[in-house]
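Subject: Structure handover

Dear colleague,

Here is the structure we spoke about, with notes on what was found in it. Please keep the viewer open while reading.

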Amino acid sequence: MSDAASVSTSALPRWQVLMLAPLAGALITLSLAPFDLWPTAILGCAVYAYLLASCTPRQAIWRGWLFGLGLFGSGASWVYVSIHVHGNAGVPLAAVLTLIFCAGLALLHALQAWLYTRIVRPLPGGMLLGFAAFWVFGEWVRSWLLTGFPWLYLGYAHVDTWLAGWAPISGVYGLSFAVAFTSSCVFLTWRSPQPATVLSYGGLLATLWGGGLMLKPIEWVAPASELPISVAIYQPNIPLEQKWDRRNYQKILRQYERAVRPMFAHDLVLWPESAIPRTADLAGDFLDPIARRASLSDTVLITGIPTRDTQGRHFNSIIALGQGKGQYDKQRLVPFGEYVPLEAQLRGLIDFFDLPMSNFSKGASQQGPLEAGNHRVAPLICYEIVYPELVAQSAQRAELLVTISNDSWFGASIGPLQHLQMARMRALENGRYLLRGTNNGVSAIIDHRGQIVARTEQFVESTLVGDAKLMLGSTPFTSFGSLPLLIALGLLLGSMGLLHRTLWRDSDSTD
């Protein structure tokens, strides 16, 4: 054992913990888009495993929080753009609100670290399997707690690596487990670098990564027809502050009308989220003639647009016109952007709590796909594409995935490119082509293996033209979702908890 590895991490000087823990969290961000330095996450998690190796549970809370602060402070600080630029909050207030957001999310890592060190770490094998299992447990909890923030998952960095072969089976959580497990092996090998240890952990990693490589060529789905459909995706690049200004409404309509004319030569035309800044019932004079022209050209037009029902409730919707039909209302709303929690108390305090169209209602949980001629399209709006289970459920009933977004809220930050990477993972998990239409980028055509066929640049008006294949069949992940993996990890964690309670309560941390 090396001298460095033999030192108890509970005795680390405070300045080393203050430096290492946030740095380890920030290394996760570097593994993701737009940096794509995927080995950094393995290093970051290995450092994190080292920091939690022999500290007390109380120390683990502090170290876990610092790690989470480094992760979210580097990877999710793009919320500052929404708060400052679009919410008109001053720099000090926007900075404080962003810090509160990131620090609050970091509390989940503090809880995760405490549970790991108190329950799992003392068990034989706890450092090897328990670390990775608790990591996935933390990601899963974060996907639904307080409406969910399923962002910055370890697995997203591996949409292009050998581990991508596991995605159609296990989904992104399986890839996250693989990365965390790899980090555990790296740490444990460094801690005890005997030949037997190197061979044992090296063999496990060779099996894990080599298995992903062997799985990559498998075709889980098949094209519905020999000929693809032709697609045109319009990216208008309308500044957010102009879009909801009523004085610009006619100008926006003229821009869309001019742009759509050559698009009728394509089978499917896609416009972004809330493309027309007026509810559908008030925009009929513009949409109806375009729908008739699309129908005569055998074209399906899919567009985002706000809608309202007879009770006056507003929805963030996507509709199909021309040779298509159907409406989908967004289910997973973004807090403050689409609805305001504690509205009676917060509405009107600052501009950020009164953003345009921040009074949407939640769509029904059971909604069918859109119809595009004789085919079915699974619609997803903006933030919904980051929810693996929601997308898998939609993909079961459709041959094509479509997601629309308005990433203007992220500005020129890393947020839109992270968003695009997550959309790629959804296409890979479900074996479906995915069309992504945004207001100012990145719009893209993504194939059933998660590879970008064509894309736009950000902050330019453009029309993306290409082909997309309609796919039949289901991947294992589409059929079963994350449930099998979560059950397996639940049984693993449950058995570890039972062992801790009955046999190993007073044992020291070993592995």
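Strands here are DSSP runs of E with at least two residues, helices are runs of H or I with at least four, and both are numbered from the N terminus. Two strands pair if DSSP finds at least two bridges between them. This is a predicted model, in which local features need pLDDT of at least 70 and side-chain atom pairs count only at pLDDT 80 or more, while totals for chains, interfaces and linings use all residues. Residues are numbered from 1 along each chain as its sequence is written, and side-chain values use heavy atoms, with hydrogens and water left out.

Sheets

An open sheet of 7 strands runs in the order β6-β8-β9-β10-β11-β12-β13, with mixed pairing. Its edge strands, each pairing on one side only, are β6 (324–325) and β13 (452–455). Within this sheet, β8 (residues 370–372) and β9 (residues 375–381) are antiparallel and share 3 bridges; Ala372 stands opposite His375 in β9. Helix α14 (residues 388–395) packs on the sheet and touches β9 and β10 (400–405), where contact means heavy atoms within 4.5 Å. The direction of α14 makes about 165 degrees with that of β9; axes are lines fitted to C-alpha atoms, for helices over the stretch in contact, and angles run from 0 to 180 degrees between N-to-C directions. Helix α15 (residues 415–430) also packs there, touching β10, β11 (434–438), β12 (444–446) and β13, at about 160 degrees to the direction of β11.

There is also an open sheet of 6 strands, ordered β7-β5-β4-β3-β2-β14, again with mixed pairing. Here β7 (327–329) and β14 (462–468) are the edge strands. Neighbouring strands are turned by 25 degrees against each other on average, direction ignored. Strands β4 (residues 300–308) and β5 (residues 314–322) pair in the antiparallel sense over 9 bridges, and Leu301 has Leu321 in β5 as its bridge partner. Helix α12 (residues 284–296) packs on this sheet against β4 and β5, its direction making about 35 degrees with that of β5.

Cores

A nonpolar core is a set of buried Ala, Val, Leu, Ile, Met, Phe, Trp, Tyr and Cys residues joined through side-chain atoms within 4.5 Å. Buried means under 20% relative accessible area, with exposed over 50% and partly exposed in between (1.4 Å probe, protein chains only). The largest such core has 94 residues, and Phe149, Trp151 and Met425 are among those with the most contacts inside it. Helix α8 (residues 167–191) gives the most to this core, with 12 residues. Leaving aside residues up to four places away in sequence, Phe149 touches residues including Phe72, Trp78, Phe101 and Tyr383. A second, separate core of 27 residues includes Ile302, Ile318, Leu370 and Cys382.

Cysteines

The structure holds 0 disulfides, a disulfide being a pair of cysteine sulfur atoms within 2.5 Å. For Cys45, the nearest cysteine sulfur is that of Cys185, 13 Å away. Cys45 counts as buried because its relative accessibility is 0%. The sulfur of Cys55 is 15 Å from the closest cysteine sulfur, in Cys45, and therefore too far for a bond. Cys55 is buried as well, with a relative accessible area of 1%.

Helix α2

Residues buried in α2 include Val17, Ala21, Leu27 and Ile28. What covers the buried residues of α2 includes α3 (39–51) and α4 (57–75).

Regards
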